[in-house]
Amino acid sequence: MPPDIMTDSVDKIGPGWRQRPKSISWPRLTNAQSETLWGFLLIAPFMVFFAIFFLLPYGMVIWLSIVDWHPRGVTEYVGLQNYADVIEMPSAQKSMINSFYYTFMVVPISTALSLLTAILIVSLRSSSTRGFFQAAFYLPGVISGLAVAIIWRFVFDFHVGVLNYFLSLVRLEPVNWLGNIYSALPSLAGMAILSSNGVAIIIFCAALLSIPSSLYDAAAVDGAAFWRKHWSITLPLLTPAMLYVIVVSTLGALQVFVPIYVLTRGGPVHSTITVGYYIYNQLIFYANSGTAAAAGLLLLVATVGFTVFQFRRFSQVVEF
Amino acid sequence: MATKTSLRNNQPSSLFETLQLRLLPEGSASASRYLALLMILVLAGISLFPLYWALITSFKHPSEVATIPPSFVLTRPVLKNYIDLMTGSGVANSPVLKWFWNSVFTGAAFTLGVVLLASLAGYSFARKRFPGRDKLFWLIISTMLVPAWSTIIASYVLTLKLGMHDTYWALILPGLASPFALFLFRQFAVTLPDELFQAARIDGAHELQLWWLITLPLSRPVLATLAIFTFTYHWNDFLWPLLVLNKPQIYTMPVGVSIIMFQLKGTGPAYGIGMSAAILMSVLPIVAFLLMQRQMIQGITIGSLKG
């Protein structure tokens, strides 16, 4: 039977294959042309939505930043006035300072903590225990930032919070974590450091496991101690993973919003207002889309600056 | 010495030794190995404590929520906080079940759309040759490095102009073309063997059949991972729904819960209800993660290492 099927199908496909282009009278496409056509057809649905909801807003935000826009009413061209407003406004200045301060607290500490945790996890012998601990550290990261913030609001509470209870156990005075201009932002940073390490830990674990163990064996033969071993072998080989983790966590930290919204609303006295919260306030409470757009673009410039700086810094350490 | 022998034979001789083998880190000095295990347990404890604390608090009776000293074990679990949350006692106009449904429904529709668009486009970017392909791909990927705050104002104005505020459309359409999903799917589709596609093409399959009959069935694990990431992202998203939704009937779970949290006064009962809301919001992502743990962990590392 197999030979019949072969000839059958060739007979059926053969004439149809030759006739079809003639009957519809479409231009004959070469293989390369048809591949190009299909390539574009298949990405078309994605590209339509991408163009409308990603590319169009890029253009719109530049336009919004140089006009005075109102949902109903006249839109006036104001030039660079919005940028000047943002730069002069004390709350905007404070929000920039706070965002940088927060980022400088969160990114280095949480990266170091994740790396330490990953080194500890990877040094475990059995792969099932490694998987268990990876899951244990990643688990708090799958729940929403809102849920995390609500939980920490209880933990930070001045009167009934667990944190102050622990302090009272060691005979320390209770701290008004979120109600004090000196401790509010560091408290939020501490919360971020302890609750958002999952992704970084998993990335570091994967990178550490991909380092050939023969390198460590050689180091052990040479008598290298724990710190020396990790400083000379692990860190240089970890550079790509480190760069990724630092870039992504910087991006996240510069944009922080949800904990501010739930825990402090920018207070007390603007001590926790961040760029994200400032933009939200301008847009929703003051209906001031111009300054919001201008601040958003300034944040973009700062973020690109940070990212380029990090790439430069790291490419000095290791050639890619 | 005993440990070394049993390692070689792969047969631990006692229960204690089994535990040592499974738990302790590698290394020579025994004290530092115990220290490492202790450190990892402490870190894991700190990481999981808030979740544990929220879980047991949510099942405490409202009168026991804010006691000093706090009780760290649950003696008699009650559902009072969950019932208070559902029936909206203390906060008017809080249809929690409707919010839950809004989140589930828009999340499902969003996930379906994201996976469909990303798999079509990802297949094309991975397996078709067309001019400008790689430049276009990296243009799309590079938008992931742009802070959301830079364009969210424009998206807000755009969806307002399109009349999408306070509708499900505002929750589904703007994020449909997801660069992350495209990246994940494309990175997977590149690894499929070319012979399969050639064989199918010789058998007369056209392009959509290559996508539907070959690419999709082979990428089931990555599709499942992608679906869970996408649904979890949408389920947890707070900022965008907060901006575009103003009517309580259309709130998603996080927006509704944040409104409840602001209207509740008094610490004890408010924290009880807050913790039950936090747990209710976390159940789906946690269950999804536990089911798909291995694939999700692989999915996270694709982005950083193979890129």
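**Questions on a predicted two-chain model**

Trainee: Val269(A) lies in the loop between α13 (258–264) and α14 (275–285) of chain A, where helices (H or I, at least four residues) and strands (E, at least two) are DSSP runs numbered from the N terminus. Is Val269(A) buried or exposed?

Mentor: This is a predicted model, in which local features need pLDDT of at least 70 and side-chain atom pairs count only at pLDDT 80 or more, while totals for chains, interfaces and linings use all residues. Residues are numbered from 1 along each chain as its sequence is written, and chains are lettered from A and ligands numbered from 1 in the order in which they are written. A residue is buried if 20 or more other C-beta atoms, placed from the backbone, lie within 10 Å of its own, exposed if 12 or fewer, and partly exposed in between. Val269(A) has 10 C-beta neighbours inside 10 Å, so Val269(A) counts as exposed.

Trainee: What is the phi of His270(A)?

Mentor: His270(A) is also placed in the loop between α13 and α14 of chain A, and with 17 C-beta neighbours inside 10 Å it counts as partly exposed. Val269(A), although not a glycine, has a positive phi of about 45°. His270(A) is not a glycine either, yet its phi is positive, at about 60°.

Trainee: What distance separates the centres of domain 1 and domain 2 of chain A?

Mentor: Bounds from an automatic or database domain assignment divide chain A into domain 1 (2–65) and domain 2 (84–317). Along its principal axes, the C-alpha trace of chain A spans about 90 × 75 × 40 Å. The centres of the two domains, taken over C-alpha atoms, are separated by 45 Å.

Trainee: Which helix gives the largest share of the side of chain B that touches chain A?

Mentor: Counting two residues as in contact if their C-beta atoms, placed from the backbone, lie within 7 Å, 83 residues of chain B are in contact with 81 residues of chain A. The largest share of this side of chain B, 12 residues, comes from residues 30–58 of chain B, which form helix α3.

Trainee: Which residues touch the most other members of the largest nonpolar core?

Mentor: A nonpolar core is a set of buried Ala, Val, Leu, Ile, Met, Phe, Trp, Tyr and Cys residues joined through C-beta atoms within 7 Å, and the largest one has 157 residues. Leaving aside neighbours within four places in sequence, the contacts of Ala118(B) include Phe46(A), Ser178(B) and Leu226(B). The residues that touch the most other members are Ile203(A), Ala118(B) and Ile153(B).

Trainee: How far apart in space are Asn102(B) and Tyr168(B)?

Mentor: Asn102(B) is placed in helix α5 (residues 96–127) of chain B and is buried, with 22 other C-beta atoms within 10 Å. Not counting residues up to four places away in sequence, Asn102(B) touches Ile250(B), Tyr251(B) and Thr252(B). Asn102(B) and Tyr168(B) are 66 residues apart in sequence, and in space their C-alpha to C-alpha distance is 8.2 Å.
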